[in-house]
Amino acid sequence: MATFPASSTQERHSKFLILVLRDDPGAIHLTLDSDGWADINNLLTRANRYGFELTRENLADVLSLSESHHFEWDVPAERIRWRKS
């Protein structure tokens, strides 16, 4: 599990990403491709539309601080997905 202080912003962002990238992309009407990738701009737009403030910087923080490496983004940083183990 990731090592975030209780109720930290990174923890909230991580839990949100788990919800929309692994458990229920439909919660924010997000579409994943057949390999589980989501377009980052679409993810950010939909997250903010549904009241969850999320930025590219927040995503970078979650990815860099997550010890479990549950998330990955592609090399040009245009897509993100839940990493299947």
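This is a predicted model: local features need pLDDT of at least 70, side-chain atom pairs count only at pLDDT 80 or more; totals for chains, interfaces and linings use all residues.
Me: How far apart are E11 and K15 in helix α1, in helical turns?
Reply: About one turn, because they are four residues apart in helix α1.

Me: Is K15 buried or exposed?
Reply: K15 counts as exposed, with a relative accessibility of 53%.

Me: How many salt bridges are there?
Reply: The count is six. Among them is R83 with E72, at 3.6 Å between N and O. That pair links distant parts of the chain, with R83 in the segment after β3 and E72 in strand β2, 11 residues apart.

Me: And how accessible are R83 and E72?
Reply: R83 is partly exposed at 36%, while E72 is buried at 18%.

Me: What does R79 form a salt bridge with?
Reply: With D74, and their closest N and O atoms are 3.0 Å apart. Through shared partners, salt bridges join D33, D74 and R79 into one network. D74 is buried at 15% relative accessible area, and R79 is partly exposed at 30%.

Me: Which ring does the charged end of R79 sit over?
Reply: The ring of W37, at 4.5 Å from its centre. There's also R22, which lies over the face of W82, 4.9 Å from the ring centre.

Me: Switching to aromatics. How many aromatic pairs does the structure hold?
Reply: Two. F16 and F52 are stacked, because their ring planes are at 5°, with the centres 4.0 Å apart. F16 sits in helix α1 and F52 in the loop between α2 and α3, so the pair ties together parts 36 residues apart in sequence.

Me: Are F16 and F52 buried or exposed?
Reply: Both F16 and F52 are buried.

Me: What about F71 and W82, stacked or edge-to-face?
Reply: Edge-to-face, with 80° between the planes and 5.6 Å from centre to centre. F71 belongs to strand β2 and W82 to strand β3, so this pair ties together parts 11 residues apart in sequence. F71 is buried at 6% relative accessible area, and W82 is buried at 13%.

Me: Zooming out, in what order do the elements run?
Reply: From the N terminus, α-β-α-α-β-β. That's three helices and three strands.

Me: How much of the chain is buried?
Reply: 39% of its 85 residues count as buried. The chain exposes about 5200 Å², and carbon and sulfur atoms supply 49% of that.

Definitions and conventions:
Residues are numbered from 1 along each chain as its sequence is written. Side-chain values use heavy atoms; hydrogens and water are left out. Helices (H or I, at least four residues) and strands (E, at least two) are DSSP runs, numbered from the N terminus. Buried means under 20% relative accessible area, exposed over 50%, partly exposed in between (1.4 Å probe, protein chains only). Accessible areas come from the Shrake-Rupley method with a 1.4 Å probe; for residues, only the protein chains shown count as cover. Rings of Phe, Tyr and Trp (its six-membered ring) pair if their centres lie within 6.5 Å; planes under 30 degrees apart count as stacked, over 60 as edge-to-face and the rest as tilted. A charge sits over a ring if NZ of Lys or CZ of Arg is within 6 Å of the ring centre and within 35 degrees of the ring normal. A salt bridge is a side-chain nitrogen of Lys or Arg within 4 Å of a carboxyl oxygen of Asp or Glu.
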